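Me: I would like to go through this model and ask what stands behind each label. Please set the value against the definition every time.

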Amino acid sequence: MSNPNSVVTDLLTAFPQYRPQMYFKSSLTALSHAMEDQVLAGSEQPLIIASFQKERFYRQEAHRYQKIGRLSRHVYVLAAPETDFSNVSDVYEKIAFTPDDELTQEWHLVVIANNYANCLICREKTHSPKTQASEMAMDNSRRFEGIWTFDRTVSIKSAEILLKRIAQYRPELKTKIYEALDIYCGNTDNISITGVEFSPCINPDPFVERLVTYLQAGQYKLIKANRFLSVKEKKERLLNSITEAIRRSLNADEILQIAVDRLGEGLNVCRCLIYRCQETDLNAEIQHEFLNGEIKSIKGKTWPVKANPLFEEVLTLRESLSIDDVSIDPRIQDNKSLLLHLVNSCSIISWLIVPILYQGKLLGMMELHHCDSVPVTWKAEDIALVDAIATQVGVALIQAESYANLEDLNEQLEALDRTRSNLVAITGHELRTPLSTIQVCLESLANEPDMSPELRQVMLSTALEDAERMRKLVQDFLTLSQLESGTVEWNPEPLSLQECVDLSLSHIRSRQDQSAIPTINNLVPDEVPFVEADGEWLVEVLSKLLDNACKFTDNKGQITIEVEEKNALQLVVIISDNGRGIEPERLKQVFDRFYQEEGALRRSAGGTGLGLAICRQIVKNWGGEIWAESQGKNQGSQFYFTIPKFNQKSTSNSSNVKKNRRTSSQQNLR
Ligand code: ADP
């Protein structure tokens with residue numbers, strides 16, 4: 001029963017002079033509606049044949065065909081059935097063609113009246129199998145190729161082809177079809193066959209008016225869709241540019257500033273803020289801000305977090321919160337002490353708060369403020385955009401944090417590696433040298449029983465000295481390793497600097513021959529403010545600096561200990577000598593491990609080369625700085641370190657107690 005022939009092909013074979021034209025679906029809809037409206041507006045009883053590709057397309061027009069069917073006895077509607085479309089004679093004739101009929105690919109409308117005739121005979125250009133969803137999405141871009149004409153001859157030919165097909169599907173209609181052929185297709189005399197020409201009595205207005213209306217409506221829809229798409233595209237571009245920019249950086253501050261600037265600018269808000277915070281924070285500092293125009297800056301200000309009910313709401317819902325008009329929002333109007341105050345002081349009119357979350361963990365907040373006098377309605381797509389940016393910022397922040405952690409880890413690994421190489425160095429050079437000396441001395445003592453008592457004594461003293469050097473080296477190495485690996489337990493407490501200086505001086509004096517050390521002038525006044533540090537480690541720094549000053553200054557020289565106020569929070573301790581001095585280019589290097597001006601193997605003054613590296617680690621712990629100054633060789637040296645002041649006065653009794661405790665623990669250190 002089905003017909004493999006295309007009506008378009010049949011028609012073009014009959015009229016080879018016609019060239020098929022391309023029509024979009026929307027144009028065909030407009031033309032069809034205009035042709036149908038022309039029928040509805042007239043008083044004739046024309047022949048109408050409409051062929052729909054599918055029942056669902058017919059259903060959209062069923063109501064209209066009910067009306068048309070009432071106008072004429074010869075109305076034929078064809079469609080491929082899907083649910084209930086079937087061969088039936090109703091208000092009009094329904095012809096259900098089979099799904100493999102070429103008609104499923106075509107769109108036809110033929111109208112033949114006394115005064116006019118026109119036809120639309122088209123075939124869909126691409127008809128690859130589609131899903132229902134893609135069909136809907138592609139609906140407006142569907143394209144057809146064929147003929148639309150007012151030519152009566154062509155219209156009659158089209159009617160004949162279609163009526164023949166109808167007769168194949170509905171043989172019982174043969175008589176009626178003959179009648180139609182007779183009435184509408186019999187006489188073509190006196191009728192133009194060259195194109196769009198109407199007989200003088202035709203009123204083309206309904207057709208043209210409807211066509212224009214449909215085309216206008218189509219254009220309007222197009223403009224609306226374009227506008228929507230361009231807004232959407234602008235926002236997508238904004239999101240992409242922010243994402244790209246923040247992905248390029250691994251610096252958290254840079255990421256937040258990029259986000260705040262682009263977002264504020266892109267959404268044209270008056271103020272855009274980002275602050276980092278955690279769920280338990282009482283307050284947050286506004287670290288990143290974008291301002292549009294003359295808006296008051298609140299950067300650096302403390303922003304209430306815990307006490308802010310809006311913040312709590314965002315945290316509970318885990319989603320953004322928008323307020324179009326703060327002046328009518330009860331949450332704000334009822335909370336005079338905090339929210340109303342914030343709104344007034346920051347001139348907020350419309351407020352959007354968006355959490356920056358990563359795997360459910362709060363990392364910070366984004367806020368957008370409109371501060372113009374007219375409230376702004378936050379659009380769902382804008383909120384969705386800010387949400388999307390907040391997600392990107394969350395990911396970027398975590399990446400930046402991981403990178404920073406990685407850098408820390410790398411530093412720790414480098415420190416570990418340094419310790420390892422130092423260990424190799426220390427065993428390779430520093431320990432082997434004294435060990436060899438000890439071995440030579442002991443071998444000589446063992447193998448030369450006739451050695452004079454004086455030489456025996458020299459051998460023993462040399463071995464003992466080098467054993468002591470080795471002990472110190474191992475001790476300093478362990479201390480530095482502990483300090484660098486962060487395994488030291490710190491006990492900061494209020495301390496009298498004077499007492500710590502006295503304690504370190506007594507260590508020096510107890511260890512060295514008085515005549516061998518230079519004169520030491522302790523100029524630390526009694527009334528110097530208390531400092532806050534771990535006493536054991538403060539004495540360690542003072543002892544090491546004094547020890548060095550003694551080592552590198554001859555016994556006729558002078559050493560001075562002074563203290564000065566650096567600022568309201570810190571003191572600076574200065575240990576100066578007029579000894580060997582340091583070349584200016586070596587002033588930083590002396591704090592490196594194993595730095596010794598003479599080199600490890602030609603050491604004359606003893607020492608391990610680790611003392612200043614230990615001091616630097618200790619001072620770093622209390623947030624201080626240590627540095628050296630010298631005019632150069634034989635010009636003496638000054639060593640400075642800063643230490644925080646304690647802000648409460650302690651009693652002398654309590655400091656005595658601390659002093660006693662330090663004395664015993666200091667002994668443990670050595
Ligand atoms: P060392 O155990 O060798 O003293 P340090 O780390 O304490 O190790 O000092 C490193 C080097 O810094 C010393 O070997 C010395 O060359 C130089 N130095 C330290 N203090 C002084 C000082 N007061 N005068 C001159 N040079 C000094």
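Labels and their cut-offs

Reply: D329 has a relative accessible area of 9% and is therefore buried, a word kept for values under 20%, with exposed for over 50% and partly exposed in between (1.4 Å probe, protein chains only). The model is predicted, with pLDDT of at least 70 needed for local features and 80 or more for side-chain atom pairs, while totals for chains, interfaces and linings use all residues. Residues are numbered from 1 along each chain as its sequence is written, and side-chain values use heavy atoms, without hydrogens and water.

Me: What makes R331 and D329 a salt bridge?

Reply: The term requires a side-chain nitrogen of Lys or Arg within 4 Å of a carboxyl oxygen of Asp or Glu. For R331 and D329 the N to O value is 2.9 Å, so the pair qualifies. R331 has 32% relative accessibility and is therefore partly exposed.

Me: How many salt bridges does a search of the whole structure find?

Reply: The search finds 27. One of them joins E93 and R170, whose closest N and O atoms are 3.3 Å apart. E93 is in strand β5 and R170 is in the loop between α5 (152-169) and α6 (174-185), so this pair ties together parts 77 residues apart in sequence.

Me: Why are E93 and R170 called buried?

Reply: E93 has 5% relative accessibility, so it counts as buried. R170 has a relative accessible area of 2%, so it is buried too.

Me: What is the N to O value for E93 and K176?

Reply: It is 2.8 Å, and the two side chains meet in a salt bridge. E93 in strand β5 and K176 in helix α6 are 83 residues apart, and the pair links distant parts of the chain. K176 has 13% relative accessibility, so it counts as buried.

Me: Which residues are linked in a network of salt bridges?

Reply: E36, D37, E61 and R64 are linked in this way.

Me: Why are β1 and β4 said to stand at the edges?

Reply: The open sheet has eight strands in the order β1-β8-β7-β6-β2-β3-β5-β4, with mixed pairing. β1 (21-24) and β4 (88-89) each have a single partner strand, so one side of each has no neighbour in the sheet. Strands are DSSP runs of E of at least two residues, helices are runs of H or I of at least four, and both are numbered from the N terminus.

Me: How do you know that β4 and β5 pair?

Reply: Pairing requires that DSSP finds at least two bridges between two strands. β4 and β5 (residues 93-96) have two bridges, in the antiparallel sense, so they pair. V88 has K94 in β5 as its bridge partner.

Me: What is the phi of N268, and why is N268 called exposed?

Reply: Phi of N268 is near 55°, a positive value in a residue other than glycine. Most residues other than glycine have a negative phi. N268 is in the loop between α8 (252-266) and β9 (271-276). The relative accessible area of N268 is 53%, so the residue is exposed.

Me: Where is S347, and why is S347 called partly exposed?

Reply: S347 is in the loop between α11 (336-345) and β14 (350-358). At 39% relative accessibility, it is therefore partly exposed. Phi of S347 is also positive, near 55°.
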